[in-house]
Amino acid sequence: QVQLVESGGGLVQAGESLRLSCAASGSIFSADIMGWYRQAPGKQRELVAFIASGDIRDYADSVKDRFTISRADTKNTVYLQMDSLKPEDTAVYYCNFRRVVGLPKYEYWGQGTQVTVSS
């Protein structure tokens, strides 16, 4: 069974950086869309960034120019480089892989990794 394994979360001070990684534990067909979501206490889960086939990338307005998403297809891995972190970035971060073109279609979620930014 495929699992997405996340790493890289932690506690940092405002202005510092973290790099999140998410790798598929089993063998899967390449995802069409890889994304990072986050959920802060008392708030809904929100999309932070995604990268799609053709190297199409997009970011939430709140993280543009601070976060960078990238992928390593040969490793079925997606990364999120987070710079200039702010206390409002504090949340549990989840990765998401989706294959929407061709067969088999799938969608997987990671278990979440905590990011805490102190002021």
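**Note on the predicted single-chain model**

1. The chain carries 13 positive and 13 negative side chains, and the centres of these two sets lie 4 Å apart. In this count Lys and Arg are taken as positive and Asp and Glu as negative, while His and the chain ends are not counted; each charge is placed at NZ of Lys, CZ of Arg, CG of Asp or CD of Glu.

2. The structure is a predicted model, in which local features need pLDDT of at least 70 and side-chain atom pairs count only at pLDDT 80 or more, whereas totals for chains, interfaces and linings use all residues. Residues are numbered from 1 along each chain as its sequence is written, and side-chain values use heavy atoms, with hydrogens and water left out.

3. The secondary structure consists of eleven strands and zero helices, where helices (H or I, at least four residues) and strands (E, at least two) are DSSP runs numbered from the N terminus.

4. As to overall dimensions, the C-alpha atoms fill a box of roughly 45 × 25 × 25 Å along the principal axes. The radius of gyration of the chain is 14 Å, which agrees with the value near 14 Å for a compact globule of 119 residues; the radius is taken over C-alpha atoms, and the globule rule is 2.2 Å times the number of residues to the power 0.38.

5. Of the 119 residues, 43% count as buried, that is, under 20% relative accessible area, with over 50% called exposed and partly exposed in between (1.4 Å probe, protein chains only). The chain exposes about 6,400 Å², of which carbon and sulfur atoms supply 49%; these areas come from the Shrake-Rupley method with a 1.4 Å probe, and for residues only the protein chains shown count as cover.

6. Among contacts (heavy atoms within 4.5 Å) between residues at least 6 apart in sequence, 54% join residues at least 24 apart.

7. One disulfide is counted, under the rule that the two cysteine sulfur atoms lie within 2.5 Å, and this bond joins Cys 22 to Cys 95 with an S to S distance of 2.0 Å. The pair links distant parts of the chain, since Cys 22 sits in strand β3 (residues 18-24) and Cys 95 in strand β9 (residues 91-99), 73 residues apart. The link is right-handed, with 55 degrees about the S-S bond. Cys 22 counts as buried because its relative accessibility is 0%, and Cys 95 is likewise buried at 0%.

8. Thr 77, in strand β8 (residues 77-82), is buried with a relative accessible area of 6%. Leaving aside neighbours within four places in sequence, Thr 77 is in contact with Cys 22, Ala 23, Met 34, Ser 70, Arg 71 and Ala 72.
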